[in-house]
Amino acid sequence: MEKKALKDELKALGKKIKASPGKRYVLSLYIAGATPKSTRAIMNIKKICEEYLMGRYELEVVDIYQQPELVKEEQIIAIPTLLKKLPLPLRKFIGDMSKTEKILVGLDIKTRK
Amino acid sequence: MTKTKGNTHLSGATLIKSPTGITGLDEVTGGGLPKGRPTLIAGSAGSGKTVFAMEFLVNGVTKFNETGVFVSFEEPVEDLTKNFASLGYNLNRFSDNKKMIIDYIHIERSEIEVTGEYDLEGLFVRLGHMVDSIGAKRIVLDTIESLFGALPNEGILRAEIRRLFRWLKLKGLTAIITGEKGDGMITRHGLEEYVSDCVIFLDHLVFEQVATRRLRIIKYRGSSHGTNEYPFLIDKTGISVLPVTSLELIHKATSERISTGIPRLDTMFEGKGYYRGSSILVSGTAGTGKSSVAAKFAESACQRGERCLYLAFEESESQIIRNMRSIGINLEPWVKKGLLKFHASRPTFCGLEMHLVQIHNLVSSFNPSVVIFDPITTMMSIGSDNTVKSMLTRLLDYLKMKKLVTTLFTNLSHNEDLEKTTMAVSSLMDTWILLRDIEIGGERNRGLYVLKARGIGHSNQIREFLLTKEGIDVRDVYLGQDKVLTGSARLAQEAEEKAEGLIRRQETQWKQRELERKRETIESQIKVLRSQYESEEEELRISIHQAKLIEETISRATREMAKSRKADVIKPAKRK
């Protein structure tokens, strides 16, 4: 019984997520090689995505050393940069993604007080 | 990086320089910017930083076969291309040829959220990618300071910019970094702290509503450089920096002489005329024939088959030709032959620097051996004494250094300060001829004399200078008893003589009166003496008469007595 209730709840949650199509996130994280900063940024953003955007996000990690031409295309200056391509508006987050609150507000997951 | 810093202090190792190809700048910097090092160009808005940097790149491609990358943080590529098209650069052609990459880096502050530590590796990768793709040797970052506005956390930025300059050096790139002028600092964000090799400052100076761009090299590590503020100009041919003076006076002097065009004037200079490559100043009051001396010199140059450039600032070409024909100088055939070129313009048409550049361009394209500048006085209307003088200095240096050009300047002066030229330019001149009015016997004549002539034994005589239908003639003047007197000097002399005459007349009159008085005194003395004499005479006469009477009486009495005594008749007795 308890198990079923939990299942139902999860189902409802899944439906809820699917019912809001605008809330699908497409993110790109630009890093430069395997520096501690890059690693930290990957870990931090993955954690945030898993926690708040489970099942409705795409996260692409780009190593600019491998694809230098993308740097120009997306006007990437600072590293690491997280690019929120969707939902619009376009937004950039620079740094090692350690300030979770700021990112959540910036991603419109949490509203600013 | 081609050299370590220490090497520059050791003998034999000199700093390698990357020529900018900008007229004058390579001269001032002794060869260009430090190769493989960053150079900071600072200045206020609109001072020409971007043009400067772009010209460095364009010249690198066109003149020195060095490819370049231009990174703009301020203007989109299309805008840049359009702006430089008006300066005559086709930037698209360079980018199509893969000789140059122009890139626009734009950061929108409002889009960015900072979430912790970051670095500028993206910028590095971007720059590195561009540099490597065309093998660039030169790079411009215009203006990297924009990053300070776009990205927060100044501490990180500063560390990254420091790293960027290190990276540029490591890549061996000759870089130009531009920076906005700051308050009390060279740049607003203190970029000069990181760029320690070469700092150039651009500026505006406005005088009498005419703005002059100026350039100053604040620092150039490991190299000597000119420290002055050098005026520079941006026109359709790009930037020209004009050294105020040549750094050294090393122009070669020749002993070749050329005729003045006036035979008697030649005789005043040992019979040979001016030195070739010297500068001649002809000054005088209005209407004394300055332009005529100049035209005669131009004519004689053309007769020798040499080219002559006539810069006229008061009269038009046809006016000069017409006027000179009236004194027997026909310039027209020489113009047609292409030996004589007129350049007539109003001085106020543009600023001094513009004039200078125009003259530079004319001289380098026409290649004359004689340049006439008629007159320099009109330049005063567009600049102060000092700027005009410095312009003439630079002009003379250029003409003497490069081309061995003989230059003749005319200068209008006023009677009061005839020998004190308005701009104190005389010290720049090798030969100075003075024309002046001489007023004798109710008419004005022209007098000519040579005030100085460096290295030439010259006549000290004033000559009369005649403008006739047959041409110019120089003759000896008439000399008076002991001096030639003219104008006010003559008037003064006359007044003096008049006064002297008056004194002399008064003296004579006084002497005459004195004589009269003396005569009167003496005459009265004579009268007194005469009356004295007369009274004495009277007295004497009376006493004589009395004595006679007595004697008569005595003799009568004797005779009476004898008669009475009946004495013998004897002869009358002798008178006692």
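Over all chains, the structure holds eight aromatic pairs, a pair being two rings of Phe, Tyr or Trp (its six-membered ring) with centres within 6.5 Å, stacked if the planes are under 30 degrees apart, edge-to-face if over 60 and tilted for the rest. B:Phe52 and B:Phe232 make an edge-to-face pair, with 6.2 Å centre to centre and 90° between the planes. This pair links distant parts of the chain, 180 residues apart: B:Phe52 belongs to helix 2 (residues 49-62) of chain B and B:Phe232 to strand 11 (residues 229-235) of chain B. Helices (H or I, at least four residues) and strands (E, at least two) are DSSP runs numbered from the N terminus. Both B:Phe52 and B:Phe232 are buried, that is, under 20% relative accessible area, where over 50% is exposed and the range in between partly exposed (1.4 Å probe, protein chains only).

The model is predicted: local features need pLDDT of at least 70 and side-chain atom pairs pLDDT 80 or more, while totals for chains, interfaces and linings use all residues. Residues are numbered from 1 along each chain as its sequence is written, chains are lettered from A and ligands numbered from 1 in the order in which they are written, and side-chain values use heavy atoms, with hydrogens and water left out.

A tilted pair is formed by B:Tyr310 and B:Phe342, whose ring centres are 5.0 Å apart and whose planes are at 35°. B:Tyr310 is in strand 16 (residues 308-312) of chain B and B:Phe342 in strand 17 (residues 340-344) of chain B, so the pair ties together parts 32 residues apart in sequence. B:Tyr310 is buried at a relative accessible area of 0%, and B:Phe342 is buried at 11%. Elsewhere, ring pairs link B:Phe269, B:Tyr274 and B:Phe297 into a cluster.

Next come the nonpolar cores, which are sets of buried Ala, Val, Leu, Ile, Met, Phe, Trp, Tyr and Cys residues joined through side-chain atoms within 4.5 Å. The largest has 42 residues, and those with the most contacts inside it are B:Leu120, B:Leu141, B:Leu147, B:Leu151 and B:Ile177. Among the elements of chain B that each supply at least two residues of this core are strand 4 (68-72), helix 5 (121-134), strand 7 (138-142) and strand 8 (174-180). Helix 7 of chain B gives the largest share, seven residues. Apart from this core lies another, of 40 residues, including B:Tyr274, B:Ile327, B:Ile372 and B:Ile433.

Within helix 7 of chain B, the buried residues include B:Ile156, B:Ile161, B:Leu164, B:Trp167 and B:Leu168. The buried residues of this helix pack against strand 3 (38-43), helix 5, strand 7, helix 6 and strand 8 of chain B. After helix 7 of chain B comes B:Gly172, with a positive phi near 70°.

Chain A has four helices and four strands, arranged along the sequence as α-β-α-β-α-β-β-α. Of its 113 residues, 40% count as buried. Among contacts in chain A with a separation of 6 or more, 64% are between residues 24 or more positions apart.

Conventions
Contact means heavy atoms within 4.5 Å.
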